[in-house]
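Open the model in your viewer and keep the selection tool handy. This tour moves from one selection to the next.

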Amino acid sequence: NAPLSEVDPEIAAVLRDELGRQRDTLEMIASENFAPRAVLEAQGSVLTNKYAEGYPGRRYYGGCEYVDVAENLAIDRVKALFGAEFANVQPHSGAQANAAALSAMIKPGDKIMGLSLAHGGHLTHGMKLNFSGKLYAVAAYGVEEDTHRLDMDRVREQALAERPDVLIAGWSAYPRQLDFAAFRSIADEVGALLWTDMAHFAGLVAAGVHPNPVPHSDVVTSTVHKTLAGPRSGVILAKQEWAKKLNSSVFPGQQGGPLMHVIAGKATAFRIAGSAEFRERQERVLEGARIIAERLTGPDVAEHGVSVLTGGTDVHLVLVDLRNSSLDGQQAEDVLHSVGITVNRNAVPFDPRPPMVTSGLRIGTPALATRGFGAAEFTEVGEIIAAALKPAPDVDALRARVTALTADFPLYPGQEEW
Ligand code: PLP
């Protein structure tokens with residue numbers, strides 16, 4: 001029963017160093033967050049020891065009486081949170097939720113149509129090296145070249161031409177809300193099922209600060225670890241008529257034993273996501289993104305070729321457009337890293353630079369909002385980013401400003417180690 005620091009000092013050092021990194025820098029990767037201590041406790045627990053193939057009350061293993069309680073709580077809470085008739089909380093990840101959802105809805109060779117990867121879609125929406133691109137015929141719609149937004153009339157035209165079996169709404173990098181009613185009506189018109197992947201914006205939906213795709217969609221998938229701030233994992237929501245197909249598609253279709261420690265963490269995360277504190281936090285997520293977008297559309301950065309796709313945001317992320325800047329996405333990511341801000345470079349639609357370099361940055365506010373940041377702190381973050389993206393930034397001075405912010409908002413206070 002020796003502790004990690006004795007059994008494996010090398011891995012203990014990784015945990016210590018990573019905790020230090022998370023504490024001492026500003027985490028602005030749009031798909032990341034800080035799971036609360038309560039969720040980490042559930043995840044790092046004896047529930048990892050338990051095999052529980054099957055579903056609550058119908059397991060293929062004995063001794064499932066307590067893990068059944070956890071899974072039922074997770075199911076009931078996530079259904080209530082999103083107003084869903086059915087939930088499966090077993091997917092190990094967002095990608096696995098998506099694989100299970102597609103295999104329940106269609107058969108290999110059928111056609112899917114989602115937002116192109118180059119315009120902000122996800123790998124699992126039809127990328128050729130992914131299962132989705134290998135198993136299914138793929139068509140894609142894209143954003144408009146002048147506005148960088150979806151034009152639903154054009155999506156409709158393309159859907160009428162392509163006749164997909166599944167129309168996909170959802171994205172990994174798009175700074176605006178989707179029109180789910182329009183997606184529904186297009187799906188109905190072309191005889192497609194509508195699958196929404198709300199992995200990125202699920203936390204905003206849970207808080208009621210973003211439209212809910214559940215009433216419009218046949219199936220909705222999500223991750224639990226992005227804006228939702230839970231353990232790394234996935235979930236599927238649907239109308240009741242899909243229950244049997246989806247359950248059998250997850251187990252035994254895609255997975256074996258569910259990760260009961262993660263499912264317990266999901267239950268806790270869903271409970272927190274229903275709280276007034278969570279709602280208030282998502283409002284700060286949106287406010288922070290708006291503040292940063294506004295700062296990065298200022299004339300002083302425009303002069304150096306820095307702007308924001310679509311001119312702003314109404315979600316938790318900002319897409320910085322560097323096509324006219326001498327900095328490419330890689331260089332911009334590196335300079336922000338040097339001042340203590342972690343972001344990821346991201347191709348912009350119609351990007352002239354290669355995918356490993358890119359002409360964009362994706363900057364997200366969920367993790368910093370979880371850390372407690374509000375309008376004043378996001379204003380300061382916007383100033384730091386704007387200064388870093390101009391020529392010859394004073395890296396040491398900007399790093400000191402980042403350190404001041406991290407010191408004012410301690411992460412996991414009181415926690416000596418993990
Ligand atoms: N769906 C979308 C829209 C995503 O952005 C992501 C993750 O980036 C996923 C699915 C996949 O989630 P995971 O990384 O848990 O497999």
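Which way do H4 and H11 cross, left-handed or right-handed? The crossing of H4 and H11 is left-handed; that term applies if the near helix is turned anticlockwise from the far one by less than a right angle, and right-handed if clockwise.

Before going further, note that this is a predicted model: local features need pLDDT of at least 70, side-chain atom pairs count only at pLDDT 80 or more, and totals for chains, interfaces and linings use all residues. Residue numbers start from 1 along each chain as its sequence is written.

**Stop 1: H4 and H11**

Select residues 65-82 for helix H4 and 260-273 for helix H11. Helices (H or I, at least four residues) and strands (E, at least two) are DSSP runs, numbered from the N terminus. The axes of H4 and H11 come within 8 Å and cross at roughly 35°. Axes are lines fitted to C-alpha atoms, for helices over the stretch in contact, and angles run from 0 to 180 degrees between N-to-C directions.

Now show side chains. On H4, the contact residues include Val 67, Leu 73 and Arg 77. On H11, they include Met 260, Ile 263 and Phe 270. Contact here means C-beta atoms, placed from the backbone, within 7 Å. By class, the contact of H4 with H11 has twelve nonpolar, no polar and four charged residues. Ala, Val, Leu, Ile, Met, Phe, Trp, Tyr, Cys and Pro count as nonpolar, Asp, Glu, Lys and Arg as charged, and the others, Gly among them, as polar.

**Stop 2: the seven-strand sheet**

Find the open sheet ordered E4-E10-E9-E8-E7-E5-E6. It has seven strands and mixed pairing; two strands pair if DSSP finds at least two bridges between them. The edges are E4 (86-88) and E6 (137-141), each pairing on one side only. From one strand to the next, the twist averages 20°.

Select E4 with E10 (residues 234-238): three bridges join these antiparallel strands. Phe 86 stands opposite Ala 238 in E10.

**Stop 3: the four-strand sheet**

Next comes an open, antiparallel sheet of four strands, in the order E11-E12-E15-E14. E11 (307-308) and E14 (344-345) are at the edges with a single partner strand each, so one side of each has no neighbour in the sheet. In the sheet, E12 (residues 317-321) and E15 (residues 360-364) run antiparallel, joined by five bridges. Pick Asp 321: its bridge partner in E15 is Gly 360.

**Stop 4**

The contact of H12 with H16 divides into seven nonpolar, three polar and three charged residues.

Now select residues 375-388 (H16) and 395-408 (H17). How do they pack? The angle is about 160°, with the axes 10 Å apart. H16 and H17 are therefore roughly antiparallel, a label for angles over 145 degrees. Their crossing is left-handed. Ile 384 is one of the H16 residues that meet H17, where Leu 398 is one of the partners.

**Last stop: the annotated span**

Colour residues 4-385, which the unreviewed UniProt entry annotates as "domain: Serine hydroxymethyltransferase-like". Such annotations may be inferred rather than shown by experiment. The span is 43% helix and 14% strand, and its end C-alpha atoms lie 38 Å apart.

Terms used: Parallel < 35°, antiparallel > 145°, perpendicular 65-115°, else oblique. Contact = placed C-beta atoms within 7 Å.
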